[in-house]
Amino acid sequence: MGNYERDFIEKMREEIQIPDLVNDKLNESYEKIRQDEVKMKMKQTGLFKNRNRFYRSLTAAAAAACTIAALSGIFYMNPALAQDIPILGNVFGRLQEVRENSEYPDKDKTAYENISEHSEPVQEAGNTAENEIGTMTVSDAYCDGYDMYFTLSLRVEDEELKTADYLLPMHQNEGEDTLYDGGTFMINQKQAWPSEITPLRKSEDGVYVGLCRIASVSQEDISFEGQMTVNVDIHGLSASKAIETGGVGEAFQQTKADWSMQFDVETDTSSNRTAEPNAQSNGVIVQKAVQTPSNMHVTCYLPAELAEKNPALVLSDGNGNRILMECAKMNTQDDGSQIQEMVFNTSQADQFVMQVFDKNAGTDENGGVPLIAEIPFSMGE
């Protein structure tokens, strides 16, 4: 038995006095379960598969107790355990609250809500790291086969850092003393490059929360398939205050400190919607479209004579609402033709139109940018 399990069991044995209000709420929740008003569901994860029956029973009992308390809107825990759990509550919920109060949200809110709905709690023992600065945790993760998302949360102990509105994770290259923005990430022991790592923002109770996104379109030799092991290394923090116009001000402090975390995430494509319309116009072909809970992915073929013009591709839904492009990956073939893999903001529409404009040809007779191709396509049933 390891020290972690031994300490956990000893703390679970400690007697605590449960307030009458909590007892009343628990009884109310039990009554809902007995009357079949509430369903209870348990999911076994890889963390417990190799534990013996005693530990499985202990964990299931603790999970059931938390579920019952949460049903009535109260979360009560042994104060002796509170110091071992850096984050209480829904980190995605905190992110939503912070973004809703932001004048310039990082991404459309619907997508973050969808990510939150599909994310799974990270339960591996290595998902938390602690030092004299504070405790950092990866608490939720989700991968739809195209994008991987996970939350970063930090409970700060350093008094000066607590005055910051934003704490940006930093990394340090081997053999260098300088700190750079972002952390170091590995997926299945391969270097991964994040497409987004938000500054950790202070929530109402002082916990700093943020989100990291790793897009498959940005990776060279990493496939988002099956179960993946992710390593996160943070080597420091950059502290900033909010500015009046919104956003992050200049850093007033940089602090070196190491946090190393590891967790597993299972790819879940069950909510993806895929179509292969192969619709075309003027040689441009919309080959594939995939709607995930967080994004819209479209793959287009451009013939060589158009690819060399570097045209602009614009996606709209059937109602004419433009869907903003986030990034694109261009693969030029031996014959000069090009495959473009484009990532757009989320959209769950059924009908779309891809327009291709020759942005380098000046204006047409109406003063607009010449339209090369217009390709309607459908996501189908």
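Two residues are in contact when heavy atoms lie within 4.5 Å. Keep that cut-off in mind for the tour.

This is a predicted model, where local features need pLDDT of at least 70, side-chain atom pairs count only at pLDDT 80 or more, and totals for chains, interfaces and linings use all residues. Residues are numbered from 1 along each chain as its sequence is written, and side-chain values use heavy atoms, with hydrogens and water left out.

**Stop 1: Arg 322**

Select Arg 322. Leave aside its neighbours within four places in sequence, and Arg 322 is in contact with Val 314, Leu 315 and Ser 316. Arg 322 lies in strand β20, residues 322-323. Strands here are DSSP runs of E with at least two residues, helices are runs of H or I with at least four, and both are numbered from the N terminus.

Is Arg 322 buried or exposed? Its relative accessibility is 57%, so Arg 322 counts as exposed. The cut-offs are under 20% relative accessible area for buried, over 50% for exposed, and partly exposed in between, with a 1.4 Å probe and protein chains only.

**Stop 2: strand β8**

Select residues 184-187, which form β8. Two strands pair if DSSP finds at least two bridges between them. Strand β13, residues 227-242, runs antiparallel to β8, and 4 bridges join them. Find Phe 185: it stands opposite Val 232 in β13.

Next, show β9, residues 190-192. It is antiparallel to β8 and joined to it by 3 bridges. Ile 187 has Lys 190 in β9 as its bridge partner. β8 and β9 form a hairpin with 2 residues between them. In the turn, Asn 188 has a positive phi of about 50°.

**Stop 3: the rings**

How many aromatic pairs does the structure hold? There are 3. Rings of Phe, Tyr and Trp (its six-membered ring) pair if their centres lie within 6.5 Å; planes under 30 degrees apart are stacked, over 60 edge-to-face, and the rest tilted.

Show Phe 150 with Phe 185. Their ring centres are 6.0 Å apart and their planes meet at 55°, so this pair is tilted. Phe 150 lies in strand β5 (residues 147-156) and Phe 185 in β8, so the pair ties together parts 35 residues apart in sequence. Phe 150 is buried, at 0% relative accessibility. Phe 185 is also buried, at 0%.
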